[in-house]
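User: I'd like to learn how to read helix packing in a model. Can you walk me through one?

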Amino acid sequence: MANEETKKEILATAEELIYQNGLQHMTISEIAARASVADSVIYHYFKGKEDLVFSIAGVHFRQASLGLQEHLEGIVDPTSRLSKMIWFHLRYNQTHENYPRIWLFECRSNRNFYRHSAYQMVRKYSGIPLAILADGVEQGVFRADVNMRVVRDLIM
């Protein structure tokens, strides 16, 4: 396997195992065996289990950000943009069924995640609905007396 393919295989294998067993019950050796690589190969790409699981979230948020931006191209109306964003977000989570559980239970609840580079992808993604909401307020489509960060968090 090429380097990028190896890394993708490790991430996919880890995502599946974390979903099935949880992070606490998964080992690097188990991931390596399922991905058909040596343990040391995993450590070449990741510092450990925590870095690996956080990287899974980063990959998903990067993919989701790119996909969402593509889906929003050409949509000008804030209400339509927000509707499309909500549809996209729900559809992404439905088509990547392992991911929401990992994000909610393994990443979001771990304070170390907020210091990991993957968190920057979360910030980028969550900035998209916030920008849509702010645009809607500016255009007078959405109420200005509501905290849009709370609305964004409710949507997400």
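Predicted model: local features only at pLDDT ≥ 70, side-chain atom pairs only at ≥ 80, totals over all residues.

User: Which residues make the contact of α1 with α4?

Analyst: From α1 you have Ile10, Leu11, Ala14, Glu15 and Ile18, and they meet Leu52, Val53, Ser55, Ile56, Val59 and His60 in α4. Sorted by class, that contact holds eight nonpolar residues, two polar and one charged.

User: Let me step back. How many helices and strands are there in the protein chain?

Analyst: Eight helices and zero strands. Reading from the N terminus, the elements go α-α-α-α-α-α-α-α. The C-alpha trace spans about 55 × 30 × 25 Å along its principal axes. Of the 156 residues in the chain, 42% are buried.

User: What share of the contacts with a separation of 6 or more comes from residues 24 or more positions apart?

Analyst: It's 64% for this chain.

User: Which residue has a positive phi although it is not a glycine?

Analyst: That's Ser36, with a phi of about 60°. Ser36 sits in the loop between α2 (28-35) and α3 (39-45). With a relative accessible area of 62%, Ser36 is exposed, because the cut-off for that label is over 50%.

User: Now the other partner of α4. At what angle do the axes of α4 and helix α7 cross?

Analyst: Roughly 30°, with the axes coming within 7 Å; α7 is residues 118-138. That makes α4 roughly parallel to α7, because angles under 35 degrees get that label. For handedness, α4 passes α7 in a left-handed crossing.

User: Which residues of α4 and α7 meet?

Analyst: On the α4 side it's Phe54, Gly58, Phe61, Arg62, Ala64, Ser65, Leu68, Gln69 and Leu72, and on the α7 side Ala118, Met121, Val122, Lys124, Tyr125, Ile128 and Ile132. By class, you get eleven nonpolar, three polar and two charged residues.

User: Is Glu70 buried or exposed?

Analyst: Glu70 belongs to helix α4, and at 59% relative accessibility Glu70 counts as exposed. If you want a distance to check in your viewer, the C-alpha atoms of Glu70 and Gly136 are separated by 20 Å, and the two residues are 66 apart along the chain.

User: And how are α7 and α8 oriented to each other?

Analyst: They're oblique. The axes of α7 and helix α8 (residues 148-155) come within 9 Å and cross at roughly 130°. In this pair, α7 passes α8 in a right-handed crossing. Ser126, Pro129, Leu130, Leu133 and Val137 of α7 make the contact with Met148, Arg149, Val151 and Arg152 of α8. Those residues split into six nonpolar, one polar and two charged.

Conventions. Residues numbered from 1 in each chain as written. Heavy atoms only, no water. Axes fitted to C-alpha atoms, helices over the stretch in contact; angles between N-to-C directions. Helix = DSSP H or I, 4+ residues; strand = E, 2+ residues; numbered from the N terminus. Parallel < 35°, antiparallel > 145°, perpendicular 65-115°, else oblique. Left-handed = near helix turned anticlockwise from the far one by under 90°. Contact = heavy atoms within 4.5 Å. Nonpolar A, V, L, I, M, F, W, Y, C, P; charged D, E, K, R; others polar. Buried < 20%, exposed > 50% of the residue type's maximum accessible area, 1.4 Å probe, protein only.
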